Amino acid sequence: MSEKKKFNIEYEIKSSPRILYSFLNEPNGLAQWFADDVNVRDSIYTFTWDGEEQKAKLVGLKEYKSVKFKWMDDEPQCYFEMEIIQDELTNDVALSVTDFAPEENIAERKLIWDNQIDYLISVIGA
């Protein structure tokens with residue numbers, strides 16, 4: 001298995017940071033766009049897709065700013081983070097996603113994020 005590389009993508013989202021944040025860290029919010037079902041217990045989030053569960057530990061949280069998860073079965077240095085960035089001059093809001101994938105899978109992983117974020121935008125109505 002090849003070494004995973006860090007990558008970052010940014011999306012413009014027409015939403016307030018407060019509304020967007022609830023879709024990034026609350027199980028109900030995440031279940032509307034990120035996974036079929038989401039449960040949380042003791043900072044361990046259980047994401048379910050097509051009946052398959054994957055667990056991630058919440059390792060970072062900045063209110064109305066960012067959430068950082070680490071997959072329980074992933075390499076120690078790997079995580080995924082969603083950060084809300086608001087331009088001070090224009091008040092435009094962007095969502096920055098940092099993730100890790102083997103180099104040959106980065107394009108595919110970015111496409112998955114593109115689709116998920118498009119879905120998030122439609123759920124928010126932004």
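Helix H1 (residues 17-25) is largely enclosed by the rest of the structure, because 7 of its 9 residues are buried. Buried denotes a relative accessible area under 20%, exposed one over 50% and partly exposed a value in between, computed with a 1.4 Å probe on protein chains only. The buried positions of H1 are Pro 17, Leu 20, Tyr 21, Ser 22, Phe 23, Leu 24 and Asn 25. Helices (H or I, at least four residues) and strands (E, at least two) are DSSP runs, numbered from the N terminus. The model is predicted: local features require pLDDT of at least 70 and side-chain atom pairs count only at pLDDT 80 or more, whereas totals for chains, interfaces and linings use all residues. Residues are numbered from 1 along each chain as its sequence is written, and side-chain values use heavy atoms, with hydrogens and water left out.

Strand E7 (residues 93-102) is mostly covered, with 10 of its 10 residues buried. In a regular strand, side chains alternate between the two faces of the sheet. In E7 both faces are covered: Val 93, Leu 95, Val 97, Asp 99 and Ala 101 are buried on one side, and Ala 94, Ser 96, Thr 98, Phe 100 and Pro 102 on the other. Strands are taken to pair if DSSP finds at least two bridges between them. Strand E1 (residues 4-12) runs antiparallel to E7 and is joined to it by 9 bridges; Asn 8 has Thr 98 as its bridge partner in E7. Strand E6 (residues 80-86) also pairs with E7 in the antiparallel sense, over 6 bridges, and Glu 83 is partnered by Ser 96 of E7. E6 and E7 form a hairpin with 6 residues between them, and Asn 91 in the turn has a positive phi of about 65°.

The 19 residues of helix H3 should span 27 Å at 1.5 Å a residue, which agrees with the 26 Å between its end C-alpha atoms; the expected span is 1.5 Å times one less than the number of residues. Ile 106, Trp 113, Ile 117, Leu 120, Ile 121 and Ile 124 of H3 are buried. These residues cover an arc of only 95° around the axis, which puts them on the same side of H3; the arc is that of the directions from the helix axis to the C-beta atoms. Ala 107, Glu 108 and Leu 111, on the other side of H3, are exposed. The cover over the buried residues of H3 includes E1, H1, E6 and E7. Within H3 (residues 106-124) lies Val 123, which is partly exposed at a relative accessible area of 26%. Leaving aside neighbours within four places in sequence, Val 123 is in contact (heavy atoms within 4.5 Å) with Phe 23, Gln 32 and Trp 33.

The structure holds 16 aromatic pairs. Rings of Phe, Tyr and Trp (its six-membered ring) pair if their centres lie within 6.5 Å; planes under 30 degrees apart count as stacked, over 60 as edge-to-face and the rest as tilted. The pair of Trp 33 and Phe 34 is edge-to-face, because the ring centres are 5.3 Å apart and the planes lie at 65°. Trp 71 and Phe 80 form a stacked pair, 5.1 Å centre to centre with 25° between the planes, and both residues are buried. Ring pairs link Trp 33, Phe 34, Tyr 45, Phe 47, Trp 49, Phe 69, Trp 71, Phe 80 and Trp 113 into a cluster.
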